[in-house]
Amino acid sequence: MGRTRVLTIADRLGAMGGAEIAQLSVVEGLAAAGWTVDLLYVTKGDLWPRWDALAASTRAVRSSQLRREAPLGSAWGSVGAFADLMRTAADVVYLHNPGDLPVALTAARLKRVPVVLHLHLPPPYHQPAWLNRLIARADAVIAPSADAARRWIQVAGLADHRVRVIPTGVDTGRFVPLTDAERGGQRRALGLDPGAPVLLYAGRLNPTKGLSVLLESVRKMEEPVKLVVCGSGVDAAYADGLHRESQGLDVTWLDRRVEVAPLMAAADLLVLPSQVPETQGMVVSEAMACGTPAVATSVGGLPETLSGFPDHLVPPGDARALAGVVDQVIGWRRHTPSLGSDSRQWVLDHLDLDRTVGEVSTLLGGRDR
């Protein structure tokens, strides 16, 4: 009989970024597929209701990993997490943060259950050697793209046979296209002209995301566009600088929101101008599932996510190239009306969440080794 009960650990049960949403989406799929899910978490957030609905058991711990800023408190909290791990009846431990490995690996080895680590982010520039050694001890490691897998193998010295590439899929039942009337209603609710070409950026306000390049490219576009920026950041000075850079442009600034599907479906084009490697670029596939094409920089795993639309890729940092591709694509509703449905079909064929859940479930269940 295969494994049927999984324990996962989360820090804050909130939509802080793509990694938190990805973990929740996959675990929700596992629960729907029949897995019994036990959850250890540190703090609640806006995703707590969804976690509470799927988990057979939930338990708050003071800490699941050692933290440099609070060594004593986090160490004591980790002792509690270790005790909870030792009490669990789970058949497999499924982690989404390498920092949870010290506690989880120790308990799992004592209980003789496997540990699977799902890496949603690229390797940090200064990865501690001791953490690399722990990652290499995991029974299996999942990366969302071949590019991310290569980077982790190189940085952490992972054995190739222990690394699986499983793209994180999109819930195509939640990310859906809108009718013309619905799209017009969404735009009017945001104060946008229903007929204006709308270019959307949705994500963190961070220098690595290339927002200054995006603003420069909008100035170089032949066709005026309405730029919508949806997201937040921790650096208020950087955000203020972006607002100053955008003077003279038609920009609507929206705060981060948990439910972005309607906004994506209301746009004409999504852009992700990242300057550093993205492991996959979930926002790209989510927009495409909504029938909204995407343009992105050719870094990290983005070329894999957009492998069906290679003409939608541009070099990082090249505002002129980005402007040129946006000019070509943003009017697709007039000159290439099938592009929206083609974008969604690509996600259905290659990046559907059910496919991801099936592959992760097979790996966790030990049925592919």
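Predicted model: local features only at pLDDT ≥ 70, side-chain atom pairs only at ≥ 80, totals over all residues.
Trainee: At what angle do the axes of helix α1 and helix α16 cross?

Mentor: Helix α1 covers residues 18–32 and helix α16 covers residues 353–364. Their axes come within 9 Å of each other. The two helices are roughly perpendicular, and the crossing angle is roughly 70 degrees.

Trainee: Which residues make that contact, and how many of them are nonpolar, polar and charged?

Mentor: From α1 the contact takes S25, V26, G29 and L30. From α16 it takes L353, T356, V357, V360, S361 and L364. By class, the contact of α1 with α16 has no charged residues, four polar and six nonpolar.

Trainee: What distance separates the end C-alpha atoms of α1, and what span should its residues give?

Mentor: The helix α1 has 15 residues, which at 1.5 Å a residue should span 21 Å. The end C-alpha atoms agree with this, being apart by 21 Å.

Trainee: Which elements do the buried residues of α1 pack against?

Mentor: The buried residues of α1 are A19, A22, Q23, L24, S25, V26, V27, G29 and L30. S25, V26, G29 and L30 also belong to the contact with α16. The packing partners of the buried residues are β1 (5–13), β2 (36–44), α2 (48–54), β4 (92–95) and α16.

Trainee: Which residue with a positive phi follows α1?

Mentor: The phi in question is near 110 degrees. The residue that follows α1 with this value is G34.

Trainee: Where do the buried residues of α15 lie around the helix, seen down its axis?

Mentor: Helix α15 runs over residues 339–350, and its 12 residues reach 16 Å from first C-alpha to last, close to the 16 Å expected. Its buried residues are L339, G340, S343, R344, W346 and V347. Seen down the axis of α15, they fall within an arc of 150 degrees, so they line one face of the helix.

Trainee: Which helices does this set of buried residues of α15 pack against?

Mentor: The partners are given here with their residue ranges. The buried residues of α15 pack against α11 (282–289), α12 (302–305), α13 (319–329) and α14 (332–335).

Trainee: How many of the residues of α11 are buried?

Mentor: The buried residues of α11 are M282, V283, V284, S285, E286, A287, M288 and A289. They pack against β8 (198–202), α10 (261–266), β11 (269–272), β12 (294–297), α12 and α15. The helix α11 is largely enclosed by the rest of the structure, because the buried count is eight of eight.

Trainee: What is the phi of R112, which is not a glycine?

Mentor: Most residues other than glycine have a negative phi. R112 is found in the loop between α4 (101–111) and β5 (115–118), and it counts as exposed at 79% relative accessibility. Its phi is positive, at about 60 degrees.

Trainee: Is K209 buried or exposed?

Mentor: K209 has its place in the loop between β8 and α8. Leaving aside neighbours within four places in sequence, K209 is in contact with Y201, R204, P273, S274, Q275 and E278. At 10% relative accessibility, which is under the 20% cut-off, K209 counts as buried.

Trainee: How far apart in space are K220 and L322, C-alpha to C-alpha?

Mentor: K220 is in helix α8 (residues 211–220) and is partly exposed, with a relative accessible area of 33%. Beyond its neighbours within four places in sequence, K220 is in contact with A319, R320 and A323. K220 and L322 are 102 residues apart in sequence, and their distance in space is 9.1 Å.

Trainee: Which residues is T252 in contact with, leaving aside its neighbours within four places in sequence?

Mentor: T252 lies in strand β10 (residues 251–254). T252 is buried, with a relative accessible area of 16%. Its contacts are L192, K226, L227, V228 and V229.

Definitions and conventions. Residues numbered from 1 in each chain as written. Heavy atoms only, no water. Axes fitted to C-alpha atoms, helices over the stretch in contact; angles between N-to-C directions. Helix = DSSP H or I, 4+ residues; strand = E, 2+ residues; numbered from the N terminus. Parallel < 35°, antiparallel > 145°, perpendicular 65-115°, else oblique. Contact = heavy atoms within 4.5 Å. Nonpolar A, V, L, I, M, F, W, Y, C, P; charged D, E, K, R; others polar. Expected span 1.5 Å × (residues − 1). Buried < 20%, exposed > 50% of the residue type's maximum accessible area, 1.4 Å probe, protein only. Arc of directions from axis to C-beta.
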